[in-house]
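Colleague: I would like to go through this model term by term. For each word you use, please tell me what makes it apply.

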Amino acid sequence: MHRKRLIVAAILLPLLYLYIMRLPAGYFFVLMLAMSLTAMSEFYAMYRVTGILKYLGLLAGLAVMSVSFFSRGHLLDTMIISAMVIMAARLLFRKDPLSSLHDLAAPLIGILYIPGLILFQAQIREIGPEWIIFLYATVWASDSMAYYLGKGIGKRKLYKEVSPNKTMAGAVGSLIGGAAGALIMMATIVPSLHATAAVLTGIIIGAISIVGDLIESMFKRDAGVKDSSIMIPGHGGILDKIDGSLFSGPVLYWILTVLKI
């Protein structure tokens, strides 16, 4: 399984690097849109959202992503309208009022959780494509260090009710990996970032990545599934691969805004 993960990563990572760094912003939007809709489909499948609510949720995700790219000033209106339409659909297409809040929770949370968070990456891309590489490389470094340190010396559990395999040592590894990844990115593709800012940013991303990972684990445990899907051999689904970056993306955008980069 570990060998399969490395092979897939060795094939996909160079292609993604070239795609993000060499192609115009519109292509990155298409990639984010595809990732968002796929991850939403996985999330809805986890919670068995079907029928009109599923398709309206996916349509809302498409609308939110598109408006965020073409007309950001109407983003809040789009999200409110999407919520109103989905609630109205539950009213009209299912007469029984029982479990209405339960039926609506997953479709609505799915919109906020996936396109609502991932759209920040389009704003990071506007600052510079190198910052997208910075985001994913730092999250990957934090995840990798968390895995190896946690597996090697991890004893004390971090949050066993949500993710029994995660340890305190792994959490420390995530912070170390985040800082190391940020320093490597500073030395290679984002020289405008000072060393102190790079270390602090990496540590923050490492910490937030843990939160994003645990939140997806919380959803999967609630839904009774191990992986969001089996789309990527050895890696699970798209949602499994972007869970950390979903939360780290907005935080990195806010950091870059504060630093005025």
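Modeller: Start with burial: a residue is buried under 20% relative accessible area, exposed over 50%, and partly exposed in between (1.4 Å probe, protein chains only). This is a predicted model, in which local features need pLDDT of at least 70 and side-chain atom pairs count only at pLDDT 80 or more, while totals for chains, interfaces and linings use all residues. Residues are numbered from 1 along each chain as its sequence is written, and side-chain values use heavy atoms, with hydrogens and water left out.

Colleague: Why does Phe-43 count as buried?

Modeller: Its relative accessibility is 2%. The limit for buried is under 20%, so Phe-43 counts as buried. Phe-219, with a relative accessible area of 15%, is buried by the same rule.

Colleague: What makes Phe-43 and Phe-219 an aromatic pair, and which kind is it?

Modeller: Rings of Phe, Tyr and Trp (its six-membered ring) pair if their centres lie within 6.5 Å; planes under 30 degrees apart are stacked, over 60 edge-to-face, and the rest tilted. Here the centres are 5.3 Å apart and the planes stand at 80°. The pair is therefore edge-to-face. The structure holds 14 aromatic pairs.

Colleague: Which parts of the chain does the pair of Phe-43 and Phe-219 tie together?

Modeller: Phe-43 lies in helix H2 (residues 25-46) and Phe-219 in helix H9 (residues 195-223), so the pair joins parts that are 176 residues apart in sequence. Helices here are DSSP runs (H or I, at least four residues), strands likewise (E, at least two), and both are numbered from the N terminus. Phe-43 and Phe-219 also belong to one aromatic cluster with Tyr-44, Tyr-47 and Tyr-113.

Colleague: How do you know that Glu-126 and Arg-72 form a salt bridge?

Modeller: The term needs a side-chain nitrogen of Lys or Arg within 4 Å of a carboxyl oxygen of Asp or Glu. For Glu-126 and Arg-72 the N to O distance is 2.6 Å, so the pair qualifies.

Colleague: Are Glu-126 and Arg-72 buried, partly exposed or exposed, and what values decide it?

Modeller: Glu-126 has 54% relative accessibility, so it counts as exposed. Arg-72 is partly exposed, at 33%.

Colleague: What makes Asp-103 and Arg-90 a salt bridge?

Modeller: Their closest N and O atoms are 2.8 Å apart. Asp-103 sits in helix H5 (residues 100-113) and Arg-90 in helix H4, 13 residues apart. Asp-103 is buried at 17%, and Arg-90 is buried at 5%. Arg-90, Arg-94 and Asp-103 are linked in a network of salt bridges.

Colleague: What does Asp-240 meet in a salt bridge, and at what distance?

Modeller: The side chain of Asp-240 meets that of Lys-220, at 3.0 Å from N to O. Asp-240 lies in helix H10 (residues 238-259) and Lys-220 in helix H9, so the pair ties together parts that are 20 residues apart in sequence. Asp-240 is buried at 12%, and Lys-220 is buried at 11%. A polar atom of the Asp-240 side chain also lies 2.8 Å from the backbone nitrogen of Gly-237. A search of the whole structure finds 6 salt bridges.

Colleague: Which residues make the nonpolar surface patch?

Modeller: Ile-7, Ile-11, Leu-12, Leu-13, Leu-15, Leu-16 and Trp-140 make it, over about 690 Å². Patch members have over 30% relative accessible area and no salt bridge, with like charges joined within 9 Å and nonpolar side chains (Val, Leu, Ile, Met, Phe, Trp, Tyr) within 5 Å. Leu-12 has 38% and is partly exposed, so its area passes the patch limit. Helix H1 (residues 2-22) gives the largest share of the patch, 6 residues.

Colleague: What value makes Phe-93 exposed?

Modeller: Phe-93, in helix H4, has a relative accessible area of 60%. The limit for exposed is over 50%, so the word applies.

Methods:
Accessible areas come from the Shrake-Rupley method with a 1.4 Å probe; for residues, only the protein chains shown count as cover. A polar contact is a pair of N or O atoms within 3.5 Å; within protein, one must be able to donate a hydrogen and the other to accept it, and residues adjacent in sequence count only if both atoms are side-chain atoms.
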